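Please open the structure in a viewer and keep its sequence at hand.

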Amino acid sequence: MDRNEALAIVQSKLKQSRYEHTIRVMETAIELAKKYNVHVKKAELAAIFHDYAKYRPKEEMRRWIESTYLPKDLLQYHHELWHGPVGALLVEREVGIEDREILEAIHFHTTGRIHMTTLDKVVYLADYIEPGRKFPGVELVRESAWEDLDRACWMAARNTISFLMSKNQPIFPDTFHAYNDLTKKVRAN
Ligand code: DGI
Ligand code: FE
Ligand code: FE
């Protein structure tokens, strides 16, 4: 699928501001993919579709999780965490993308996971550092992103966990798994 066809599909599913975020994630993911030798077209497509399910009604997402192979423990956590897994499912079913690496990068883009692939990391980090993001500490992550992919993802995971803890929010296990796994990699370097 080419870029313009993919963008036209997501544009019909997203608000304008979210579509503009998607374009910035795409541009950032392409640059990261070139830097870290990831398949550029896979990074482009995964980035374009990463928030595909962002505006699905909560009850529809709940039904997809209940009725498919998606992990049921998602239902015990905030519905903000559902659009990645449900997005991967719907991008396969509705758009016809079958590439597992792309679908997994979409699935795990919010939380990360243990043993993230380089494509997972590129999409996760592009979503975190795209130029429209204003999180506290994002500038340090942006600087690391062009030097050390694992370190930058580790910083993003750590910031996300700190932020959620400061709000007394529960943390999804994959978010911890990503952080723990990246901590080992960062220490090893
Ligand atoms: O969809 P985006 O807004 O572009 O970004 P995203 O998919 O990274 O979603 C970000 C939201 O997800 C943000 O509000 C923090 C939240 N989040 C990430 N990990 C966890 C989490 N929320 C909870 N409750 N638990 C997590 O582990
Ligand atoms: Fe998202
Ligand atoms: Fe996003």
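A donor is here an N, O or S atom within 2.8 Å of the metal (3.2 Å for Na, K and Ca); water is not among the atoms, so sites may look incomplete. The model is predicted: local features need pLDDT of at least 70, side-chain atom pairs count only at pLDDT 80 or more, and totals for chains, interfaces and linings use all residues. Residues are numbered from 1 along each chain as its sequence is written, chains are lettered from A and ligands numbered from 1 in the order in which they are written, and side-chain values use heavy atoms, with hydrogens and water left out.

First, select the iron ion (ligand 3). Its donor residues follow the spacing H-x28-H-D-x75-D in sequence. They are His 21 (NE2), His 50 (NE2), Asp 51 (OD) and Asp 127 (OD), which coordinate the ion at 2.2 to 2.4 Å. Asp 51 belongs to the loop between α3 (40-49) and α4 (58-67), whereas Asp 127 is in helix α7 (residues 118-129); this pair, 76 residues apart, links distant parts of the chain. Helices are DSSP runs of H or I with at least four residues, and strands are runs of E with at least two, numbered from the N terminus.

Next, select the iron ion (ligand 2). Which residues coordinate the iron ion (ligand 2)? Asp 51 (OD), His 83 (NE2) and His 109 (NE2) do, at 2.1 Å, with the spacing D-x31-H-x25-H along the chain. Because Asp 51 lies in the loop between α3 and α4 and His 83 in helix α5 (residues 83-95), the pair ties together parts that are 32 residues apart in sequence. Display both ions together: the iron ion (ligand 2) and the iron ion (ligand 3) are 3.6 Å apart, and Asp 51 bridges them.

Now select ligand 1 and the residues around it, those with a heavy atom within 4 Å. The shell divides into five nonpolar, eight polar and six charged residues. Of the 19 residues around ligand 1, Arg 18, Lys 54, Thr 110, Arg 133 and Thr 175 come nearest. An N or O atom in the side chain of Arg 133 is 2.8 Å from an oxygen atom of ligand 1. The elements that give two or more residues to the shell are α2 (16-35) and α9 (149-166). His 21 also has a polar side-chain atom 3.1 Å from an oxygen atom of ligand 1, and for Asp 127 the corresponding distance to an oxygen atom of ligand 1 is 3.2 Å.

Finally, select Glu 60, in helix α4.

Conventions. Polar contact = N/O pair within 3.5 Å; in protein donor to acceptor, adjacent residues only side chain to side chain. Nonpolar A, V, L, I, M, F, W, Y, C, P; charged D, E, K, R; others polar.
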